[in-house]
Every structure is written in structure tokens, then in C-alpha cells.
Amino acid sequence: MTAPSVGAVGVIGAGAVGQSVAMLLAAGGWCESVRVVSRTGLSAQALVTDLEDMCQVTASSVRAVHVTNAGQLVSCEAVVVCPRADFTNTARTDVRMAGLNANAPVIVDLARQLAHYQGLVVMVTNPVDVLTRLFAEVSGCPRVYGVGSNTDTARYRLALARLLDVLPHAVDGHVIGEHGDQAVVCASATHVGGLPVPVPLRQVRDEMTDRPRRINAGLGRTRCGPAGAVIAALRAGLGLDDTVTELCVNHEGRWRGIPLRFTAGAPTVCLPRLDAAEARQLIVADAKLRDAYEPLARLYVPAHSETKEKTAVPQTAVRIATAAQAATVTSNRPMVTDWALRYFGPWWNATSTAPDADAAVIADVNADRVAEIAQRVADHSHEETVYANSRMLVDRDDDGTVVAAQPDDKLVYRAEPGGPLHIYGCEDVPVALATARLAREVVRGQLLADGWSILHASAVVRDGQTVLTLGDKGAGKTTTALLLARAGWQLLANDRVFIRREDDRLRVLPWPSAAAIGLGLLDALDWYETVRERLQSGEQLHPTQHQKVTDALNSGSRTPLWKESGKELKPQFFPDQLHTWLGLTLATEGRATHLLFPRITPGTESALLDEDRSVEAGDFFTAGTEDRYPDVFGLLPADIPSTGPLLDLLGELPRHAPALGHDVKANTDFLMQVTGPTA
């Protein structure tokens with residue numbers, strides 16, 4: 001018999017997957033022993049006894065050993081982590097994510113027992129992508145991988161082979177991102193027999209979703225597929241097989257499933273080329289996983305930020321582009337550029353890129369620079385303004401250099417004429433927020449210089465045609481847009497849009513921003529419970545959301561909340577959450593074809609008002625009317641194009657003034673009728 005290639009392999013957890021993994025290891029004969037540990041000990045002892053029987057019958061040389069705690073596995077060459085906490089999973093969607101809060105403490109305890117373990121760790125417990133990262137960052141172990149995407153890939157290849165009536169081994173394609181609802185099927189890079197093929201995505205996704213349901217319905221839990229994925233990961237990571245497999249790993253600061261090519265145990269990333277839609281899906285998956293992880297980091301990794309401060313992190317960069325204008329953002333924190341990808345990706349074009357010495361925005365977490373620049377501003381005469389609802393102190397030098405500080409946010413800025421805008425902060429999230437705002441301002445300045453204007457309107461698109469909804473605050477711009485988007489239109493913007501005349505058409509672009517939707521409107525549109533369930537499962541809304549709103553959602557309160565000033569406090573959604581949470585489809589541009597000027601009054605029946613309101617100069621944002629983002633750093637052009645030509649074309653469009661009540665169905669039916677044939 002050939003001598004085993006590997007010493008001991010540890011298995012934590014003696015449930016369905018743990019049993020299957022241990023059995024495959026014992027039958028495989030390539031390791032000397034399998035060491036099994038479970039929370040109660042009884043199941044581990046029983047499994048070891050059962051494995052001993054099997055090894056005796058099959059003449060396997062592998063020894064099965066029961067150990068009493070995970071700390072005794074430090075001498076193993078690899079450890080498989082597959083325990084499951086006791087909880088009842090009642091989730092209908094995001095089933096794997098539902099176990100996050102129950103399983104996280106179990107994984108943290110194991111990570112502490114295996115702190116700085118130098119062997120290979122393979123994570124199985126769901127949600128596997130989040131818990132892989134949690135285990136790695138709590139334990140400090142250098143080689144931690146999560147299975148899941150390799151199982152998804154196997155299911156994808158099986159489904160596509162069946163649909164195309166070919167053998168599975170002829171299919172070359174990957175599933176990456178989350179092992180869950182946001183898995184990204186890399187259809188554009190899929191080949192069959194070496195040739196590209198059209199992939200019936202809907203049918204493929206239906207089969208990928210249905211396969212684990214069929215297994216669970218018959219067996220109670222998936223086991224053989226995940227166990228096979230674990231064995232493949234172990235053999236690749238231990239250098240037994242040179243192969244490509246999809247595993248969750250830290251790649252450029254993002255933990256998600258990606259293809260890795262293993263050669264003698266060393267992995268090399270081999271991401272497939274993605275088309276624009278797949279790239280946006282990956283951004284959404286990254287954002288979802290990051291949102292799920294951050295509360296755990298604050299709870300279980302108290303030295304999280306301090307550790308990162310001391311660790312040298314390579315610069316990351318993202319390029320943001322729309323309508324031939326672009327800006328690059330670089331940062332010493334991956335979260336900052338990830339945030340920009342998430343913020344701009346659904347509406348503009350945002351892609352990771354190599355760090356650029358000529359970046360328009362350089363945003364770093366650097367407490368020393370914050371203290372230095374804040375002190376300089378305080379020591380000099382300065383002006384005071386409000387930027388993004390936060391007090392800002394501004395000092396201007398004779399050479400045109402602008403330095404500014406926002407003391408409440410611990411943020412500082414430095415902008416030299418012709419140079420990049422530098423942003424410094426003490427924490428990731430405030431820097432990410434400021435970077436998104438200022439990067440948008442940079443692109444805004446480029447667009448304005450190229451003849452674009454900003455119109456105060458919401459917008460929805462269907463077949464390229466865009467309905468613009470205008471009116472004062474509270475008129476119903478957001479409500480109208482959401483009603484139409486919920487009925488099948490694509491949402492382009494909920495508050496303001498870029499607009500430019502091109503020949504005899506009016507081209508419209510989105511203004512990327514968080515979307516505010518009131519508690520009452522969420523409830524009326526049947527989204528409230530979906531949002532509440534996601535929050536309670538550990539996901540997060542935009543951090544600018546007031547804590548009272550978060551508390552209301554967690555408690556189940558649907559009563560609208562108000563500031564003393566009379567402004568409503570609303571849930572704040574990231575752009576991608578409009579799709580992933582609320583099921584809306586987003587648009588990246590359109591051409592204006594119809595105008596609405598709604599008025600919402602409780603008790604009103606849907607009807608058209610006898611009004612002939614038209615777009616006016618006051619409906620545009622200018623330097624003089626901008627109330628949230630004053631041009632502190634001189635990013636906007638001095639000469640903004642006249643809105644006269646736009647007003648002329650807008651005046652030629654069909655327009656209506658609908659009166660709407662609070663009946664969602666009646667309002668929707670009426671708006672669809674008004675915008676239908678003439679749009």
C-alpha cells in the first residue's frame with residue numbers, strides 16, 4: 001500500500017457534512033489519521049467508532065481519532081470547520097445567510113482556540129463567505145479558504161450540460177461571488193467544447209436554486225456535494241492535486257468565491273473576464289458580504305481598526321465613468337474603493353483598476369494627517385459652511401490651495417490647483433462616505449463643463465424612454481418613480497438627474513446617491529417586512545440613516561418619524577439595495593419623453609388636474625441654489641451652460657399633472673395609463 005502523503009487532518013463538527021468528509025478522508029487513504037471533535041463529544045465519539053468499522057472492513061490504513069477540543073488539532077496539516085449551531089431556519093430567501101448570528105459565536109470560539117494555526121483551514125459552515133473571513137481575522141491563521149462557490153460551479157456545469165445536451169466535462173464556466181442568492185454566474189466567459197455559447201441564465205439559475213432544495217427535501221441536508229468540495233480544496237491546498245477550484249479567499253481586501261489555480265499547494269487567482277452586468281453583480285455580492293461582516297467585526301474583533309492601522313495595506317483604486325467623463329479614486333483602505341464600486345456601479349460605470357499617480361481623489365485613513373491639517377485650519381482665519389449636513393471649516397491660501405476640516409466627522413481635506421483632492425480621516429466609513437460625495441463632485445464638474453445640467457427630478461426608463469417627475473419637496477417625485485419602477489419600469493433616479501440636449505433629444509443620466517424611502521411608503525409598497533428581515537439577519541442600510549429609523553425597523557414600527565425641523569426621517573438605501581432588497585431594476589441612462597407634475601393628497605381619487613405646469617429655471621440646480629454640496633474645492637466650472645435650450649425642448653414634451661391619493665394599486669394603474677401610449 002502506498003504510504004499516506006499527508007499526516008493528520010482535523011474535522012470539527014460531526015453533522016451531515018462532517019460525517020461525509022471524515023468518511024471520504026478515511027476511505028481515500030492519503031492521510032495518516034482523521035481527528036474528529038464536536039461540541040458535545042458524543043457525536044464525535046460515535047463517528048470515530050463508525051469510521052473504525054469502515055477502515056477495518058476496507059483495510060484502510062487511516063486512523064480515526066476522537067479529540068476533546070479544537071485546540072488539540074494544531075498539529076494537523078489541515079482542519080475542516082463544519083459545525084452548525086442549534087437554530088431553526090425559517091428563511092424563504094437568503095437561506096444560507098439566515099444562520100449568521102447563530103453560527104458566528106461558534107466560529108469565533110473555534111478561531112480563538114486555533115489562534116495563529118499555520119496549517120490549511122477549510123470553512124464549510126454557512127454563511128460560508130462571511131464566516132471564512134471572520135475565522136481568518138479572529139484567528140490570524142494565514143491559509144483560510146471557504147467552500148461553496150466550487151459547489152455552485154459544479155451545479156452550474158451540470159445544469160448547463162443538461163440544458164445543452166452535452167457532457168458536463170465539456171462545460172468550462174465558473175460561479176463566483178457569494179455562495180448564496182448573490183452568486184454571479186460568469187456566463188459571458190463560459191465555453192462548451194472550447195467555444196462560447198449562449199447561456200439560458202434563467203433556466204440555469206432555477207436549476208441551481210432547485211438542486212439543494214431537492215436534496216434537502218429528501219435527505220434533510222446537503223452533504224455529499226459539499227464534502228466533495230472540501231476534499232477537492234484539501235487536496236489542492238495540500239499540494240496533492242494541481243487544479244483550478246473556486247474558493248472563498250481574501251483577494252484585494254474582498255472575501256468572496258473566486259477561481260484559484262493551485263500548483264504544488266500555492267494558489268494563483270484566475271478570475272474570468274466579466275461583462276458589465278456580471279461586474280455589477282459582483283459589486284453587489286461584495287457589498288452584501290461586507291455589510292454582513294462589519295457588525296461581526298465590531299462585536300468579535302475589538303482591535304479590528306487598530307490592527308488595520310498598524311498593517312501596511314497596498315493602495316487600491318477604482319475608476320468611475322459616465323458619458324465619456326471619468327475620475328480615479330485611490331485609497332490605502334480597500335473598503336473606501338469598495339464603497340465607491342458599490343455606490344457608483346449600479347448607475348455609472350465603476351471598475352477596479354491599478355493605482356493611478358494622477359488620481360483625482362486620494363482618500364486615506366491617516367490619523368496623523370487629520371490632526372496636522374485640522375490644527376492648521378484652526379490656527380488660521382477660516383470661513384465656515386455646511387457640507388453634506390456637517391459643519392466644515394475652510395482655509396484658502398493665496399496660491400489657491402484649499403484646506404478644510406469637518407471636526408464632527410474627524411475628516412480633513414487638501415486641494416491644490418491642478419492637483420488631486422486629498423481626503424484624510426480616522427475611520428473607514430467616514431472616509432468612504434466623503435470619498436463618494438467628492439468623487440461624484442469631480443465627475444459632476446466634468447459633466448457640467450461638457451454641457452450637462454442638473455434637474456431636480458426623479459426618473460424612470462422603459463425601452464430607453466424616460467419619464468421625469470418634478471415638483472417641490474413632498475410633491476411625490478419619489479413615490480411616483482417607485483410606483484412605476486415597481487410596475488416594471490427601470491429606476492434611473494429618485495431626486496435629481498443630469499440632462500443634456502443632443503440634437504433634438506434630451507439625454508438623461510442618473511445622479512448616484514443613497515435613496516430615502518419613508519417608513520409609511522415602505523409599508524404601503526409591501527417592502528417593510530423584507531427590509532426588516534434583512535436588518536434582523538445582520539445586513540445594514542446606508543450609515544447616514546438616523547438611529548431612530550433603525551430602531552423603528554427593528555421594533556416593527558411603521559409610524560413615520562420626523563425631526564423637530566419638520567423633515568421626515570427615512571430609511572436610507574444603498575443604490576444596489578434598491579435591486580437586491582426591493583427587486584427594482586436600475587437604468588444607466590435614457591432620453592426624456594414625458595413629464596409628470598404630481599400632487600399627492602390623502603383621500604384623493606386618481607385623476608388629472610387641470611394645470612399646465614412646465615419646467616422652469618428654478619427646477620435646475622445651480623451654484624447659487626445647491627443646498628447640500630457647495631463648491632468648496634472649486635471642482636465645478638465657472639461658466640455653467642444656460643438652461644434655455646433645455647427648457648425649450650422640455651416644453652415640447654407631453655406633460656401631465658396627476659392627482660394621487662394613498663391607494664397604491666389605483667395610483668399605479670393610473671400612472672401606467674398616463675405614461676403608456678404617449679411616452
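Is Y387 buried or exposed, and what is its relative accessible area? Y387 is buried, with a relative accessible area of 2%. The legends below describe close-up views of a predicted model.

View 1. Y387 is found in strand β19. Its relative accessible area of 2% counts as buried because the cut-off for that class is under 20%. Beyond the neighbours within four places in sequence, the contacts of Y387 are M392, Q406, R437, L438, E441, R628, Y629, P630 and V632. The C-alpha atoms of Y387 and D627 are 8.6 Å apart in space, while the two residues are 240 residues apart in sequence.

**View 2. The open sheet of nine strands.** The strand order is β17-β15-β16-β18-β23-β22-β21-β20-β19, and the pairing is mixed. At the edges stand β17 (349–353) and β19 (383–387); each has a single partner strand, so one side of each is left without a neighbour in the sheet. On average, neighbouring strands of this sheet are turned by 20° against each other, direction ignored.

**View 3. Strands β16 and β18, with helix α12.** β16 (residues 325–331) pairs with β18 (residues 361–365) in the parallel sense, over three bridges. Within these strands, V329 stands opposite V361 in β18. Helix α12 (residues 428–449) lies across β15 (316–322), β16, β18, β19, β22 (411–415) and β23 (421–425). The helix runs at about 175° to β18.

View 4. The structure holds ten aromatic pairs. One of them, formed by Y343 and F344, is edge-to-face, with 5.6 Å centre to centre and 75° between the planes. Y343 and F344 are each buried. Both residues also belong to one aromatic cluster, together with W348, Y387, F498, W511 and Y629.

**View 5. Aromatic pair Y413 and F633.** This pair is tilted, with the rings of Y413 and F633 at 5.3 Å centre to centre and 45° between the planes. Y413 lies in strand β22 and F633 in the loop between β37 (620–621) and α18 (644–651), so the pair ties together parts that are 220 residues apart in sequence. Y413 and F633 are both buried.

**View 6. Arginines over aromatic rings.** R342 lies over the face of F574, at 3.6 Å from the ring centre. R235 lies over the face of W30, at 5.3 Å from the ring centre.

Notes
Residues numbered from 1 in each chain as written. Predicted model: local features only at pLDDT ≥ 70, side-chain atom pairs only at ≥ 80, totals over all residues. Heavy atoms only, no water. Pairing = 2+ DSSP bridges. Helix = DSSP H or I, 4+ residues; strand = E, 2+ residues; numbered from the N terminus. Axes fitted to C-alpha atoms, helices over the stretch in contact; angles between N-to-C directions. Contact = heavy atoms within 4.5 Å. Phe/Tyr/Trp six-rings, centres within 6.5 Å; stacked < 30°, edge-to-face > 60°. Buried < 20%, exposed > 50% of the residue type's maximum accessible area, 1.4 Å probe, protein only. Lys NZ or Arg CZ within 6 Å of the ring centre and 35° of its normal.
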